[in-house]
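Please walk through this model from its charged pairs to its nonpolar cores. Keep the sequence and the 3D view side by side.

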Amino acid sequence: GDDGMVYVTNRCAHADGSTGTAHAIARVLDRSANTRLQISFRTLYGVHVLWDDYWVIGLGDDYEYALVGQPSRRRGWVLARDPHPCEAEIQCWLDEFEAKGFPAQAFERTHQSGAD
């Protein structure tokens, strides 16, 4: 945005067919690298509160995916343009998380039906 914030909209499909949406804002902590952000999904009286650290720890050459994790290394996400990546690609992402100290084999996969 013009104010330097990153405006985020996350959507997911629930098992019952409904769609969930969450809005957040993120602020870049290190503008020289643009890889460390703080994000807030919660507001109190219109003010964003409870900021979480999100670090971009891996990125595809053509931005086809991003690996995002928290500094605690307890949580991480793959953000991919392809809702149905091949198993070899998924394993490469998990290997990269594992190499960076994340418990990647404990990650849960998000069901992607309806994402076509």
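The model is predicted. Asp52 and Arg42 join their side chains in a salt bridge, with N to O at 4.0 Å. Asp52 belongs to strand 6 (residues 52-59) and Arg42 to strand 4 (residues 42-44), so this pair ties together parts that are ten residues apart in sequence. How exposed are the two partners? Asp52 has 25% relative accessibility and counts as partly exposed. Arg42, at 38%, also counts as partly exposed.

The next pair is Glu87 with Arg109. Their side chains form a salt bridge at 2.8 Å, N to O. This pair links distant parts of the chain: Glu87 sits in helix 1 (residues 87-99), while Arg109 sits in the segment after helix 1, 22 residues apart. Glu87 is partly exposed at 46% relative accessibility. Arg109 reaches 53% and counts as exposed, because the limit for that class is over 50%.

A further salt bridge joins Glu96 and Lys100, whose closest N and O atoms are 3.0 Å apart. Glu96 is partly exposed, with a relative accessible area of 23%. Lys100 is partly exposed too, at 32%. The count comes to three salt bridges. Side chains of opposite charge can pair when their charged atoms come close. Across the chain there are 11 positive and 17 negative charges, and their mean positions lie 8 Å apart.

Now step back to the fold. Read from the N terminus, the order of elements is β-β-β-β-β-β-β-β-α. The C-alpha atoms fill a box of roughly 45 × 40 × 25 Å along the principal axes. Of the 116 residues, 25% are buried. The chain exposes about 8300 Å², and carbon and sulfur atoms supply 51% of that area. Take the contacts between residues at least 6 apart in sequence: 20% of them join residues at least 24 apart.

**The nonpolar cores**

In soluble globular proteins, nonpolar side chains tend to be buried together. Which residues make up the largest nonpolar core here? There are nine: Ile57, Tyr65, Leu67, Ile90, Trp93, Leu94, Phe97, Phe102 and Ala104. Strand 7 (65-69) and helix 1 are the elements that give two or more residues to this core. Helix 1 gives the most, with four residues.

Trp93 is one member of this core. Beyond residues up to four places away in sequence, Trp93 touches Tyr65, Leu67, Val78, Ala80 and Pro85. A second, separate core has eight residues, including Val8, Ala26, Leu37 and Tyr54.

Leu94 is another core member. It lies in helix 1. Is Leu94 buried or exposed? Its relative accessibility is 11%, which is under 20%, so Leu94 counts as buried. Leaving aside neighbours within four places in sequence, Leu94 is in contact with Ala104, Gln105, Phe107 and Arg109. Among these partners, Arg109 also forms the salt bridge with Glu87. Phe107 is 13 residues from Leu94 in sequence, and their C-alpha atoms are 8.4 Å apart in space.

How values were computed
Residues numbered from 1 in each chain as written. Predicted model: local features only at pLDDT ≥ 70, side-chain atom pairs only at ≥ 80, totals over all residues. Heavy atoms only, no water. Buried < 20%, exposed > 50% of the residue type's maximum accessible area, 1.4 Å probe, protein only. Contact = heavy atoms within 4.5 Å. Areas by Shrake-Rupley, 256 points an atom, 1.4 Å probe, with all protein chains shown as cover. Lys, Arg positive; Asp, Glu negative; His and termini not counted. Charge placed at Lys NZ, Arg CZ, Asp CG, Glu CD. Core = buried A, V, L, I, M, F, W, Y, C linked by side-chain atoms within 4.5 Å.
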